[in-house]
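I am opening this notebook to keep track of what I look up, entry by entry, for someone who has not seen this structure before.

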Amino acid sequence: MQYHNNTTHHVSAVKGACPHDCPDTCALITTVIDGVATKVSGNADHLFTGGVLCAKVSKYTERTYHAERVLKPLKRVGPKGGGQFVEVTWDEALTDIATRLHRIATHAPEAVLPYSYAGTMGMVQGESMDRRFFHQLGASLLDRTICSSAGGEALLHTYGGKLGMRVEFFAESRLILIWGSNSIGSNLHFWRFAQEAKRNGARLVCIDPRKSETADKCHEHLHLLPGTDAALALALMHELITNDWLDHDYIARHTLGWEELKERALQWPPERAAEVCGLPVEQIRQLARDYGTTPQAAIRVNYGVQRARGGGNAIRAIACLPALVGAWRHRAGGLLLSSSGIYPFRRADLQRPDLLGKRRPRTINMSTIGDALLHPGAADFGPRVEAIVVYNSNPVAVAPESHKVAKGFARDDLFTVVLEHFMTDTADLADYVLPATTQLEHWDIHGSYGHSDVLLNRPAIAPEGEARSNARIFRDLAKRMAVLDPAFAAPHFQDDDEALCRAAVAGTNVDFDQLLVHGFASLAVPEAPFADGGFQTPSGKCEFTSASLAALGVNPLPDHIPNYELPNADARYPLAMISPPARNFLNSTFVNVKSLRNSEGRPLLEMHPDDAASRAIADGDLLRVHNARGEHVCHASINGRARKGVVVGLGIWWRKNGENGTNVNELTHQQLTDIGRGPCFYDCAVEVEKMA
Ligand code: SF4
């Protein structure tokens, strides 16, 4: 929409989509006056956004026009990490980068590694021209596991994909279990539907090792120990079975492995789970009673549950519950972890894996990037990583065991290119930093993992400075590579960003013209996806036992798998630490937006008053949090949110903002989850002491 106001300024309202790693994928309206974005607000016409944005993205203009934005290509001139960069032309940067990548690829293409995640979740700026470029090069593949792979693969082996309830129908639920999610901070638009249900008489139960802002607003909070969710789910099953709160018909017709699951669950009386979870036994019994006797019972489980050794099994155990009570029969019953499996995007057309030809490059797990960068190369690993190209991610801050990650990125013989908006911890260690556009400056197209709409993001303003979109940067890089390797001159390296948006939905039932007009389009998805079974597993049933997991050498039946690092298993480290996001940050994004950082104050560790008192720690004291991997310095917050024996390091601050140049990931480890090869951020034992 465009118009001239009565002082002849040119005013427009441009429709877009929030690109951040959040299930809500809001529809944005950017107000632009004379080419300057003055306000970013929520699109009131979009059901799931409802005209409301979170505090983070409401400040998007502050981020876009930030004085510290990188607006020209930068080349390192001093020692690595020394902070000495000079501005260079795009031509110089791209020609040098192409030459160096080509030189490495000539002898060992797998020595080049792309590294990206969900800094933007768009199909075009996140997974299109970049993949074409690296596939043509024959670079190593990246196993993108850092957030959701344990839970995602657990759903795959249980339901057949990332599928679940439609979020709007939580408003009609009578009981909602909010499991492993601080919805108010990280799933705000689901919370609106939960609030509506609450107003209509629904009971809200929060299950979380932290007494979060969401727990404050629920009727009940189960303050369990980290990594014990599967034990709780199995005890709930035990009670459903022994009290016969079961839907026998649904179980018989739509599930696989009932007898085996029953046998397993009967090994988990509430008394056993109470001990493992650190919960009162009656609280478990009451929850089972409520869940087994309330029609329209719904579970909103989130990815917090799966950030521990047994995270995949935990999601599988929880995901079995709705089938036991037949909750799927009603549109307001069932479970939602992720809805991303419903989207028909043409990923292969965007990413062109066929460009690999007969080559089968190795795959490197992004969650163990510290070890990968420090690996000297071996027959069973492949060549040493010689070049890494980072975009949509800040691994030095967000990947586990971060002192190893930082040490890897600091290697003098590693050629590092970072596409960024700001000088993050990762950009500080780059050879080249290339200025990338923000969401207000480029085209993109988005699905969601929390609702069922497709959204189009139009550029609202011209790129600031010399910033270019990710897709354009890889397009321009391909043009330079074509001088050295004619394969990069192929037409698919010339598709522009709008054409890539169109290609994402070409031939599907998504109408691109509708996206151009309205900014979003709803997919036709069933109201109650598994009311009559229809799971997308090989058996077509909800798979309590999974042959596909057995084939991977994983226990086919859900079980409780204790954490790698149980508190007190090593007497030196008696406290369990979890590190959920601070409310005003989204992973490591927004840490440098002053108004949001001011709201968070400084890096904090939440502690229970008893744990603090036994260490003579008072609120606000400077702390040394440590384990065998390292130490992190921050301040104590004794605010009633941590349970006894558990500390909470709110993340994810940039390392350089930390008191000793670290963040919580200095303490986390690189061991992986049972399913999905994901990181175990919330499976970490530490000790805490007051600093002088
Ligand atoms: S971060 Fe989430 S809640 Fe905030 S605007 Fe983006 S999608 Fe909406």
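I looked up Tyr-291 and, leaving aside its neighbours within four places in sequence, I found it in contact (heavy atoms within 4.5 Å) with Leu-175, Leu-177, Leu-240, Ala-297, Ile-299, Leu-321, Pro-322, Val-325 and Ala-327. I keep in mind that this is a predicted model, in which local features need pLDDT of at least 70 and side-chain atom pairs count only at pLDDT 80 or more, while totals for chains, interfaces and linings use all residues. Residues are numbered from 1 along each chain as its sequence is written, and side-chain values use heavy atoms, with hydrogens and water left out.

I then turned to the largest nonpolar core, which has 82 residues and in which Trp-179, Leu-232, Tyr-291 and Leu-335 have the most contacts. Such a core is a set of buried Ala, Val, Leu, Ile, Met, Phe, Trp, Tyr and Cys residues joined through side-chain atoms within 4.5 Å, where buried means under 20% relative accessible area, exposed over 50% and partly exposed in between, with a 1.4 Å probe and protein chains only. Apart from it I noted another core, of 55 residues, including Val-88, Ala-108, Ala-490 and Val-505.

Next I went to the aromatic rings, and I noted 18 aromatic pairs in the structure. Rings of Phe, Tyr and Trp (its six-membered ring) pair if their centres lie within 6.5 Å, and planes under 30 degrees apart count as stacked, over 60 as edge-to-face and the rest as tilted. Phe-134 and Phe-474 are an edge-to-face pair, because their ring centres are 5.5 Å apart and their planes stand at 70 degrees. Since Phe-134 lies in helix H5 (residues 129-137) and Phe-474 in helix H20 (residues 470-484), the pair ties together parts that are 340 residues apart in sequence; helices (H or I, at least four residues) and strands (E, at least two) are DSSP runs, numbered from the N terminus. Phe-134 is buried, with a relative accessible area of 4%, and Phe-474 is buried at 1%.

I also looked at Trp-328 and Phe-530, whose ring centres are 4.9 Å apart with planes at 80 degrees, so this pair is edge-to-face. Trp-328 is in the loop between helix H15 (311-325) and strand S14 (334-336), and Phe-530 in the loop between strand S21 (520-522) and strand S22 (542-543), 202 residues apart. Trp-328 counts as buried at 0% relative accessibility, and Phe-530 counts as buried at 2%.

My last entry is that ring pairs link Phe-133, Phe-134, Tyr-391, Phe-474, Phe-488 and Phe-493 into a cluster.
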